[in-house]
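Visitor: I'd like to look at how charged side chains pair up in this protein, and then at one of its pockets. Could you walk me through it?

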Amino acid sequence: MTAEFLSIKHASEELSVTQAAISQQIRLLEEALGVALFIRHHRSLELSTHGAQLLPSLKAAFSSIEQGVESLLGDADPHKITVSVSPSFASRWLIPKLGRFYEAYPNIEVNLNMSDKLETFSGKSSDIAIRFGQGEYEGLESHFLMAEFIYPVCHSSYAATRKIDCLEDLQSIRLFGDIAHNLSWSHWLDAIKAHYSQQNQNITVPASEDLAEQVGFDGSHYVIDSALTGQGVAMVRHSLAAEMVAQGSLKKLLAFAAPLKEKCFACAPPHYFRRAKVKCFMQWLGKEAQEFSNQYPV
C-alpha cells in the first residue's frame, strides 16, 4: 500500500493502522532483505530500484491470496453492492436512474461511496467503481459504458438576454469550467482548432486567455450549478448535462462538442465480476448507458 501511494500517511488511512506501525514494518522488511526499498526525502517517498523490482511480485501475491480467500468464503453480503463513483456522476447521472435498478432487483441494496479519490479495492471497500478515464488500470478489468464530450451551455433565460452566436461573443461573458485540463475551455478551443484544421478550413479561434473572466471549480456538478443559476456560460460534460439540455433548462451553445479521450468505464478486480450482485448491477448499468447514448446523441 505504501509503495502504491508512495505515502505512509495515505497507507495508514487505508489500512486503519498508525504511521509508526507501517514505518516499523518497512524497516523490518528492509533489514530482513538487506536492501532499501524506498528512497526517503524530506516530505516524500520514492521507490528504490530494489523496491520497484519487488513490487509487481508482491502485488500479484497479495491479489492471489485475496482471490483465494474470497472464493473460500464467498460473498459476505450478497444483497448489498457498494459502488465507488464521483459525486458529479452520482448526482447528475446515476442517482436519478437508481429507482429502475430497485424495480428490477428489489433484493439488492446499493450503497454509494462518493469520492473523487481513485478506488484501490483494498480492504473490500467497494464492489465496483465507475471511472472517467481511459480504461487501463493495473489489476482491474474495465467495461466500457459510454463516450464523453464537452460543450458550452447556459441557462435558457441567460441566453435570451445575451447574444452568443460565435466564439467572439464569449469574450464579454463570464465563463465557468472544471479545473481539470481535459474539461476546460482551453481544451475545447484546442479541439475546435484541430477539427477545422483537419477540414482545411481557416477560422479564427480566440486563445483561452483572451476570453472573459473564467471561474474554475473542482467538480463538474458545481460547473453545471453555475449555469443552472444563470451566472454565465459553463463548459460541461455531456453525460451530466444532456438531459437538462433536452428538457430545456440548459441551452447548448455554438454547436461544437469536443470528444474526449477519457470515457466512462465500470471497473473492478476481474473476479469481482463473477459475484451475482455485480452481474445484476452490470447488466442494468450497461443497459442504462446504452439507452442514454441512444436517447441523447451528441
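Visitor: Which residue forms a salt bridge with Arg100?
Guide: In this predicted model, Arg100 pairs with Glu288, and the closest N and O atoms of the two are 2.7 Å apart. The pair links distant parts of the chain, since Arg100 sits in helix α6 and Glu288 in helix α11, 188 residues apart.

Visitor: Is Glu288 buried or exposed?
Guide: Glu288 counts as buried, because its relative accessibility is 5% and the cut-off for buried is under 20%. Arg100, at 42%, counts as partly exposed.

Visitor: What lets side chains pair like that in general?
Guide: Side chains of opposite charge can pair when their charged atoms come close.

Visitor: OK, and how many salt bridges are there in the whole structure?
Guide: A search of the whole structure finds 8 salt bridges. One of them joins the side chains of Glu30 and Arg40, with 3.0 Å from N to O.

Visitor: Why does Glu30 count as buried?
Guide: Glu30 counts as buried because its relative accessibility is 12%, and buried means under 20%.

Visitor: What about Arg275, which residue does its side chain meet?
Guide: The side chain of Arg275 meets that of Asp127 in a salt bridge, at 2.6 Å from N to O. Arg275 lies in the loop between β13 and α11, while Asp127 lies in the loop between β4 and β5, so the pair ties together parts that are 148 residues apart in sequence. Arg275 is buried, with a relative accessible area of 14%, and Asp127 counts as buried too, at 8%.

Visitor: Which residues are linked in a network with those two?
Guide: Lys277 is linked with Asp127 and Arg275 in a network of salt bridges.

Visitor: Switching topic, how much space lies in the second largest pocket?
Guide: The second largest pocket holds about 520 Å³ of space. Its lining is made up of 26 residues, and those nearest its centre are Ser86, Ser115, Asp116, Phe132 and Arg237.

Visitor: Which element gives the largest share of that lining?
Guide: Strand β5 gives the largest share of the lining of the second largest pocket, with 4 residues. The elements that each supply at least two residues include β3, α5 and α9.

Visitor: And how do the lining residues divide by type?
Guide: The lining of the second largest pocket divides into 10 nonpolar, 8 polar and 8 charged residues.

Technical notes: Residues are numbered from 1 along each chain as its sequence is written. This is a predicted model: local features need pLDDT of at least 70, side-chain atom pairs count only at pLDDT 80 or more; totals for chains, interfaces and linings use all residues. Side-chain values use heavy atoms; hydrogens and water are left out. A salt bridge is a side-chain nitrogen of Lys or Arg within 4 Å of a carboxyl oxygen of Asp or Glu. Buried means under 20% relative accessible area, exposed over 50%, partly exposed in between (1.4 Å probe, protein chains only). On a 1 Å grid over the protein atoms alone, a cavity is a set of points where a 1.4 Å probe fits but cannot get out, and a pocket is an open set with protein on both sides within 12 Å along at least five of seven lines; lining residues have an atom within 4 Å of a point. Grid points are joined across faces, edges and corners, and a volume is the space filled by probe spheres set on the points. Ala, Val, Leu, Ile, Met, Phe, Trp, Tyr, Cys and Pro count as nonpolar, Asp, Glu, Lys and Arg as charged, and the others, Gly among them, as polar.
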